[in-house]
Amino acid sequence: NFKSGQPLNFEVVMDVYPTIKLGDHLSISAQAEVVEAEEADIPAFLQEQQYRMSRTVEIPEPRPAQEGDMLIADMSAFAANEDGSRGPELENLRAIDVELYLSPFRIFADFVEAVIGIQVGETREFRIKFPEDYMTQELRGVDVIFNVVARSMKQRILPEMNDEFAQKISSAETLEDLKTLLRVNLKKQAETATKVNIEKALTDELVKLAEGELPETMIEEETEREFLLGLDELRKKGYDDKDLAEMEKPEEKEKFRRTARPGVIQTIMKELAIKEVAKRVKVSVTDEELDFEMKAVRSEYGKMKEFNEERVKQAVADQILRSKVLDVLREKCPVTMVPTGTLKAEDDDLEAVAEDETWLTESGLVYDDSGKPLVAS
């Protein structure tokens, strides 16, 4: 109890920056997958661009749905019981007047196949299993019973894939030139992905040598950061505000926190381990290096209202330091390269949802405000 004129004793409890114990970083070895450029990605990309440039027209006479059509439908979904009957409804998959582009490049192939042939006014119920690599983690490998009611249907008219098409979507003069540029970009992306695999393999082994406790506020802040990054990636992929609002509901955020927690803790421990190695090998970030990188960041993001100079500066400094430490680890620690698919991929959080298509925007293909890709020379 406080009394005027009397001494006041108070206690302050706060988190402190954690310290960790780290074993011998030079003792680690790792396996990493080599990523090869896939020629099949080129037609997939070109067909995606055809879709972007296509237009929809009314179908003159009623007919069954065909691949490439735009189906407007009401949809509900249920978890499938072992006996094939309906289980609990999956409310996140319920939709009214949803536009379904019947193409395996837009919707996974089993769903498209099940809907092909439906007529306007028809109700079709079918059971399918979501792919193991489906973008939504909770639906991977899940058996689902869909109920689809076809309300209307339109036909998509795709532009012809020729030199004119190539000129409209890129800086290439001919379709063959565009394909050549895409091959170059794919090769660069494969090399970058292989480097990322090596770095992940090394940090995965390094973090096994780390011991320490993390303050809960640090975990909460990193979880929130990853959640917001994940929403931003989904927004870039075209998810509408309604879908994103569903994901931001308290119960969905709490679900994400529980699911993401182990990965978040490992992410923080990796960064602490990286900083510990940096001290040991005496690497640091110079002012010149930081200023150079910050100029590029300010040029691209500086006008955004969310831009926080100090936070971004710290993140950039951490990234430069991380790159230097990984250069040391790659030089000193043995890494065995194995073919793609040899190692079992770990489950991803919301932040990684869009990574399956990053080569479209990070390999020299940069989209302008209208969605037109500018192919790098």
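User: In which hand does α8 pass α9, left or right?
Analyst: A crossing is left-handed if the near helix is turned anticlockwise from the far one by less than a right angle, and right-handed if clockwise. Helices (H or I, at least four residues) and strands (E, at least two) are DSSP runs, numbered from the N terminus. In this predicted model, the crossing of α8 past α9 is right-handed.

User: What is the pLDDT average of the protein chain?
Analyst: Residues are numbered from 1 along each chain as its sequence is written, and side-chain values use heavy atoms, without hydrogens and water. In this predicted model, local features need pLDDT of at least 70, side-chain atom pairs count only at pLDDT 80 or more, and totals for chains, interfaces and linings use all residues. pLDDT is the predictor's confidence in each residue, from 0 to 100. In the protein chain, 90% of the residues score at least 70, and the average is 87.

User: How are α8 and α9 oriented to each other?
Analyst: Axes are lines fitted to C-alpha atoms, for helices over the stretch in contact, and angles run from 0 to 180 degrees between N-to-C directions. Helix α8 (residues 287-301) and α9 have axes that come within 10 Å and cross at roughly 125°. Angles under 35 degrees count as roughly parallel, over 145 as roughly antiparallel, 65 to 115 as roughly perpendicular and the rest as oblique. So α8 and α9 are oblique.

User: How are α7 and α9 oriented to each other?
Analyst: Helix α7 (residues 250-281) packs on helix α9 (residues 309-332) with axes 9 Å apart. The angle is about 65°. Therefore α7 and α9 are roughly perpendicular.

User: How many residues of the contact of α7 with α9 are charged?
Analyst: Ile-274 and Val-277 of α7 are among the residues in the contact, as are Leu-321 and Arg-322 of α9. Ala, Val, Leu, Ile, Met, Phe, Trp, Tyr, Cys and Pro count as nonpolar, Asp, Glu, Lys and Arg as charged, and the others, Gly among them, as polar. The contact has 8 nonpolar residues and no polar ones; the charged residues number 4.

User: Which residue in β8 is the bridge partner of Val-57?
Analyst: Two strands pair if DSSP finds at least two bridges between them. Strand β3 (residues 55-58) and strand β8 (residues 143-157) are antiparallel, with 4 bridges. The partner of Val-57 is Gln-155.

User: Which residue in β8 stands opposite Met-70?
Analyst: Strand β4 (residues 70-80) pairs with β8 over 10 bridges, in the antiparallel sense. Opposite Met-70 stands Lys-154.

Conventions: Contact means heavy atoms within 4.5 Å.
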